[in-house]
Amino acid sequence: MGDKIFYITTPIYYANAPLHIGHAYSTVAADVAKRWQALRGREVFMLTGMDEHGEKIYRSALKDGVEPQDWVDRYADDARKLWSFMNIAYDGFVRTTDSAHKKTVEEVFRKLRAKGDIYDAEYEGPYCVSCETFFTDQQVKDAGDSCPDCGKKITEIKKESALFFRLSAYGDKLLDFYKANPDFLQPSGMANKTMDTVRRGLKDLCVTRERVTWGIPVPGDPSKTIYVWFDALLNYLSAAGFPADPELFSKLWPADCHIVGKEIYYFHTVIWPAMIMALELPLPQKVYGHGWWTLRDDKISKSTGNIVTPYEVCGKLHPDILRFFFLREMPFGTDGAFSLERIEARYISDLANPLGNLFKRTEVMIEKYFAGKTPAEGSFDAAILQKQKETLESFSRSMDELRFHGALNALWELVDAANRFIEDKKPWVMYKEKSPALNDVLLTLEGCLEFVTGLLSPFMPVKCAEMAAHIDWEIQMPEPGAVRKGRSIPGGGILFPAVEK
Ligand code: MSP
């Protein structure tokens, strides 16, 4: 792979409402995947950003009596604050109103038009402003005369002169691509629907709007603006330096993974790859569609009116706990119910009890039996070494495939094994009996603290830094069986205190 940087992206979020835990979920997932690759020693780049054009945003700004640019500036600021609150270490923050992004979109538009992949025609038909999606009359009829995706009222676009992207020409090429690259559509459960849709035949896509002014004007035809999804999808290229910075682009592209919610999977697995094919660029390695957090069976969303923000959730809990909960509670790709009670239950069952206790007990024993230093002699327990090796293998495989849930399950098996090891070995008896094997037990336990802290650090970067400080260790990729003899273990306060009621 040489210089290829691991490049992972989140969706770019609409700048028209406060971001909630749904948006935080995708962003945390990308951040964790990126931090994991960095821990393995790869150079990494995580991109997030804001989708700032289109009718929906224009209408929201107008309703509030604010200039659209001021409106989107405000949401971009809010997003940056939220990501910093959530300890997201993004490397790029793209905004579709950035001039560099606009240049990319114009250039792509010109190129595809010159090639004949974008052509002149007329458009009329149903449009959902909330999803910024064109539909056919039949789709809308089947959905009871409302939006087939969000259920909202449909707008009728009256006949207007428009430009179309020749999506229909890419159906067979897409099917061939999916077949040759079985890892592209992830998780596999979402692949079939996409393939069926493509097999049924694709229609050309209208990529301009005539009566929408808040967007990038069509080059050479300022009476039209470029369709917001066509504009937005290109963020993944513009932020990677296409076409302005070929050197950067060659290091970043193709993207390793686009993380998206399942409601925008079609855009990313059909329209987006077809656009890239039209540009004759290599395709991304994978698009991963994840499920939704729900409240009383409804998707958490602004339109349902049931949003919960990370700030509300983290009143009493560290943001790292929410990060952990997101990826521990439900497999990446399925839906799950969100509630404070569930977060607190996870906190107690996984963090405060097994992990917090493992730290506390080990620190206390090292303090009491060895005056606060790891034993100067001894060796690592063979059974725990074997367990660590197995854990590392299964954890790494799961993380590489974005199966965060599987990775954490594997890690918690090790936490449980380390706690059982204390029960089985009874170090307090060994101490009384002056058994030399006590050295091995405590060296092994301290090794387990390092091991867990290292692997957990992509999920909980701040809490893991605290854990690392307890054992005076620098976070790095842990090695099974590593021992640190005769080292001070400073310990510290309670890592996962009881939640105040
Ligand atoms: N702007 C488009 C994306 C363009 S990408 C080129 C968009 N924005 S959005 O603000 O509506 O954000 C949608 C994304 O937020 C989803 O794809 C998903 O990643 C996340 N989520 C929003 N609500 C969610 C849940 N209730 N649960 C989980 N994730 C959800 O669509």
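**Close-up 1. The shell around the ligand by residue class.** In this predicted model, the shell around the ligand divides into 13 nonpolar, 9 polar and 3 charged residues, where Ala, Val, Leu, Ile, Met, Phe, Trp, Tyr, Cys and Pro count as nonpolar, Asp, Glu, Lys and Arg as charged, and the others, Gly among them, as polar. The ligand is surrounded by 25 residues, of which I12, S26, D51, W293 and I300 are the closest; a residue is near the ligand if one of its heavy atoms lies within 4 Å of it. At least two residues of this shell come from each of β1 (6-14), α1 (21-39), α8 (228-233) and α9 (235-238), the helices (H or I, at least four residues) and strands (E, at least two) being DSSP runs numbered from the N terminus. Residues are numbered from 1 along each chain as its sequence is written. Because the model is predicted, local features need pLDDT of at least 70 and side-chain atom pairs count only at pLDDT 80 or more, while totals for chains, interfaces and linings use all residues, and side-chain values use heavy atoms, with hydrogens and water left out.

Close-up 2. A nitrogen atom of the ligand lies 2.9 Å from a backbone N or O atom of I300, and a backbone N or O atom of G22 lies 3.2 Å from a nitrogen atom of the ligand. From H290, a polar side-chain atom lies 3.3 Å from an oxygen atom of the ligand. The protein buries 95% of the 680 Å² that the ligand exposes when taken alone, with accessible areas from the Shrake-Rupley method and a 1.4 Å probe.

Close-up 3. Strand β4 (residues 118-128) runs antiparallel to strand β6 (residues 155-165), and 9 bridges join them; two strands pair if DSSP finds at least two bridges between them. Within this pairing, Y123 stands opposite E160 in β6. Strand β5 (residues 133-134) is also antiparallel to β4, joined to it by 2 bridges, and F134 in β5 is the bridge partner of Y127. The hairpin of β4 and β5 has 4 residues between the strands, and E132 takes a positive phi near 50 degrees there.

**Close-up 4. The open sheet β9-β11-β10.** This open sheet consists of 3 strands in the order β9-β11-β10, with antiparallel pairing. Its edge strands, each pairing on one side only, are β9 (208-209) and β10 (217-218). Between β10 and strand β11 (residues 221-226) the antiparallel pairing extends over 2 bridges, and P217 stands opposite T225 in β11.

Close-up 5. The largest cavity has a volume of about 60 Å³ and is lined by 13 residues, among them G54, R209, V212, I226 and V228, which lie nearest its centre. Its lining has 6 nonpolar, 4 polar and 3 charged residues. The second largest pocket has a volume of about 240 Å³; of the 13 residues that line this pocket, F6, Q37, D256, K286 and D400 are the closest to its centre. Both α1 and α15 (382-400) supply at least two residues of the pocket lining, which divides into 6 nonpolar, 2 polar and 5 charged residues. On a 1 Å grid over the protein atoms alone, a cavity is a set of points where a 1.4 Å probe fits but cannot get out, and a pocket is an open set with protein on both sides within 12 Å along at least five of seven lines, lining residues having an atom within 4 Å of a point. Grid points are joined across faces, edges and corners, and a volume is the space filled by probe spheres set on the points.

Definitions and conventions. A polar contact is a pair of N or O atoms within 3.5 Å; within protein, one must be able to donate a hydrogen and the other to accept it, and residues adjacent in sequence count only if both atoms are side-chain atoms.
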